[in-house]
Every structure is written in structure tokens, then in C-alpha cells.
Amino acid sequence: MPYGSDVDNALNKPVTIKTLQKMKTNGEKFVVVALYDAPMAGMAQKCGVEAVLVGDSLGMTVLGYESTIPVTMEQMIYHVEAVARGNRKSLIIGDLPFMTYATSTDALKNATRLMQAGAQMIKIEGGQWLAGTVGMLAERGIPVCAHLGLTPQSVNKFGGFRVQGREPEQAEQIAADAHLLAEAGADLLVLECVPSALAERITREVPIPVIGIGAGRDTDAQVLVINDILGLTEHPPKFSKNFLTEAGDIPGAMKKYVADVKAGVFPDEDHIFL
Ligand code: KIV
């Protein structure tokens with residue numbers, strides 16, 4: 001057994017956007033892990049992780065940058081290919097890095113490259129200005145995951161990695177953007193670092209599955225970065241949790257994360273924003 005004898009939750013068939021949509025409809029939580037290599041991707045499918053995100057967070061978690069801004073298309077393609085080699089069952093989402101979708105032409109060209117590397121959906125950060133791009137990609141058969149709230153590629157505009165949507169006006173803007181992007185054709189939505197009540201409202205109102213990170217426990221799914229799950233982050237964010245300490249080994253940590261999300265036990269009060 002390559003990953004330890006207690007890995008026994010394996011997905012029995014490939015997960016698609018239809019699977020995730022059905023889970024939302026049935027009120028069944030699904031689990032996402034941001035990861036970057038073939039062995040972790042293989043373990044995720046054995047632990048029942050429905051979707052893996054090859055996030056541009058790899059700039060910080062793997063490549064040692066201070067933000068995601070320096071990440072290139074070549075780096076994303078390299079890691080998407082590795083993840084796709086390791087995992088044939090979880091839905092693979094790939095991030096388009098900073099400024100690679102600033103125009104619709106760039107978005108189409110770069111989304112195509114990521115899909116050809118093995119992604120089954122691309123993720124882009126931003127609100128209403130992206131509605132046209134989302135529609136254009138959707139019409140051409142490229143599934144899109146939108147990302148709102150704390151969008152790390154805009155860290156310089158935000159003046160740091162801060163909770164978004166605490167002021168009523170900003171909360172309304174995030175909710176309006178969520179509706180607009182869903183109507184434009186986005187298939188999934190990530191909400192990062194927003195107050196739990198706002199995430200609960202958006203999850204209830206939009207028809208597409210919502211994945212939360214630092215967005216409370218009422219979203220349809222949770223995503224965490226593998227480095228945080230395994231306690232590899234020197235200064236972990238409040239919303240993350242080290243599952244390795246309790247579980248004792250890496251497969252156990254991933255399984256515990258999956259089980260706790262599905263049971264609605266994670267995130268708890270210590271990992272949410274009000
Ligand atoms: O890049 C990433 O890993 C992400 C998640 C944290 C949502 O965008």
C-alpha cells in the first residue's frame with residue numbers, strides 16, 4: 001500500500017461538476033484540497049477528496065515567494081500536469097495566475113493551455129469586471145470557478161491579507177458579484193476570508209456550489225491548502241488547521257480533514273470570521 005493501510009475512502013468514480021451540483025442540492029458537503037504534486041494528488045483521491053485545486057498559492061507554499069503575484073503560466077502548467085498524472089478521480093481545478101486573464105483574449109489563450117495540461121476547470125479572481133470573460137469561457141466549454149472575498153492576487157490593492165466584506169457596502173458588492181458571475185456561467189465559487197453570515201447568505205442565494213476558506217461552516221464545501229493541513233506553514237492563517245498532530249500520519253490527516261468537513265465539525269468557532 002503506497003500511502004498507508006488506513007486509506008480506504010477512495011472515490012469510486014470520477015467527480016464532475018454535475019456530482020458537485022447534486023451534492024449542493026442534497027445538502028451534502030464536499031471537500032477540496034489545494035495541492036501541487038502527484039503523490040499528494042493520488043492520496044487525495046484515495047481519501048475521498050472530491051476536488052483538488054492546483055492553486056497559485058504554490059508561489060508561496062512551494063516556491064518561496066511572498067505572494068502569488070510572481071507565479072507564471074509555465075509554473076502552473078508544470079504543477080497541473082503533475083497533479084493530473086497522480087489523480088484520475090477528483091475534479092482538477094487550475095488557477096490562472098496574476099494578469100493572465102486581464103483581457104478576454106489572454107483568458108481564452110491561457111485557460112486553453114491549463115485545460116490542455118490536465119485541468120478540468122479554471123479559477124479566476126475578481127468580481128463584475130470578469131462577467132464577460134466567464135461567459136465567453138463557458139460558451140466555449142471551459143468551466144470556471146470564480147473567486148471572491150480575499151483574492152490574494154489583489155493583495156497590494158487590499159493593503160495586506162485581510163478579511164473582506166465586513167462593511168455593509170462591501171458585503172453587498174461581494175453578494176452582487178456572486179450573483180452576476182453565477183448568471184454569467186461560473187460553475188463554482190470560492191469565497192475566501194469573509195464573515196460567516198455573508199458566506200451563508202451567498203451560499204443560500206446562488207445556484208452554484210460555494211467553496212469556503214475562512215468563510216464559516218455554512219458553505220457547500222471547504223478548501224484548505226495541503227501545507228496548512230500538514231502543519232508545514234510557519235505562521236498559519238486563523239482559518240486553517242493542522243490535522244497532522246492529531247492524526248499522526250499524512251493519510252490520517254487528510255482523512256480527518258475530509259471526515260470533519262463532511263460532519264460539519266470543521267471549521268469550528270476558532271477558524272471563522274464574524
Ligand atoms: O491558490 C489557492 O490555493 C487558492 C485557495 C486558497 C482558495 O486560491
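Helices (H or I, at least four residues) and strands (E, at least two) are DSSP runs, numbered from the N terminus. I start with that because my first stop, Cys193, sits in the loop between strand β6 (188-192) and helix α9.

**Ground rules**

I'm working on a predicted model, where local features need pLDDT of at least 70, side-chain atom pairs count only at pLDDT 80 or more, and totals for chains, interfaces and linings use all residues. Residues are numbered from 1 along each chain as its sequence is written, and side-chain values use heavy atoms, with hydrogens and water left out.

**Entry 1**

I looked up the phi of Cys193 and got a positive value of about 50 degrees, although Cys193 is not a glycine. Is Cys193 buried or exposed? Its relative accessibility is 5%, so Cys193 counts as buried (buried means under 20% relative accessible area, exposed over 50%, partly exposed in between, with a 1.4 Å probe and protein chains only).

Next I checked Met99, in the loop between β3 (91-95) and α5 (104-117). Phi of Met99 is near 65 degrees, again positive in a residue other than glycine. Met99 has 53% relative accessibility and therefore counts as exposed.

Then I went to Pro267, in the segment after α12 (250-262). The peptide bond from Phe266 to Pro267 is cis, with omega near 5 degrees. I noted these spots because most residues other than glycine have a negative phi, and most peptide bonds are trans.

**Entry 1: the core**

Which residues touch the most other members of the largest nonpolar core? I found Leu35, Leu114, Ile122, Leu189, Leu191, Ile202 and Tyr257, in a core of 91 residues. A nonpolar core here is a set of buried Ala, Val, Leu, Ile, Met, Phe, Trp, Tyr and Cys residues joined through side-chain atoms within 4.5 Å.

Leaving out residues up to four places away in sequence, Leu191 touches Leu148, Ile174, Ala199, Ile202, Val210, Ile211, Gly212, Ile213 and Ala215 (contact means heavy atoms within 4.5 Å).

Ser196 lies in helix α9. With 13% relative accessibility, Ser196 counts as buried. Setting aside residues up to four places away in sequence, I list Ala215, Gly216, Ile272 and Phe273 as what Ser196 touches.

Ala186 is in the loop between α8 and β6, and is buried at a relative accessible area of 5%. Which residues does Ala186 touch, not counting those up to four places away in sequence? I got Val134, Val144, Ala146, Leu181 and Ile208. I also checked Ala186 against Ile92: they are 94 residues apart along the chain, and their C-alpha atoms are separated by 15 Å.

**Entry 2: α8 and its partners**

I took α6 (residues 131-139) with α8 (residues 168-184) and found that their axes come within 8 Å and cross at roughly 25 degrees. Axes are lines fitted to C-alpha atoms, for helices over the stretch in contact, and angles run from 0 to 180 degrees between N-to-C directions. So α6 and α8 are roughly parallel to each other (angles under 35 degrees count as roughly parallel, over 145 as roughly antiparallel, 65 to 115 as roughly perpendicular and the rest as oblique). Ala131, Val134 and Gly135 of α6 meet Leu180, Leu181 and Ala184 of α8. For the classes, Ala, Val, Leu, Ile, Met, Phe, Trp, Tyr, Cys and Pro count as nonpolar, Asp, Glu, Lys and Arg as charged, and the others, Gly among them, as polar.

α8 also packs with α9 (residues 196-205), at an angle of about 25 degrees and with the axes 10 Å apart. That makes α8 roughly parallel to α9. On the α8 side I noted Ala171, Glu172, Ile174, Ala175, Ala178 and His179, and on the α9 side Leu198, Arg201, Ile202 and Glu205. This contact of α8 with α9 has six nonpolar, one polar and three charged residues.

**Entry 3: one more helix pair**

My last pair was α2 (residues 38-46) and α4 (residues 73-86), packed at about 40 degrees with axes 7 Å apart. Are they parallel or oblique? The angle makes α2 oblique to α4. Ala38, Ala41, Gly42 and Gln45 of α2 touch Ala82, Val83 and Gly86 of α4.
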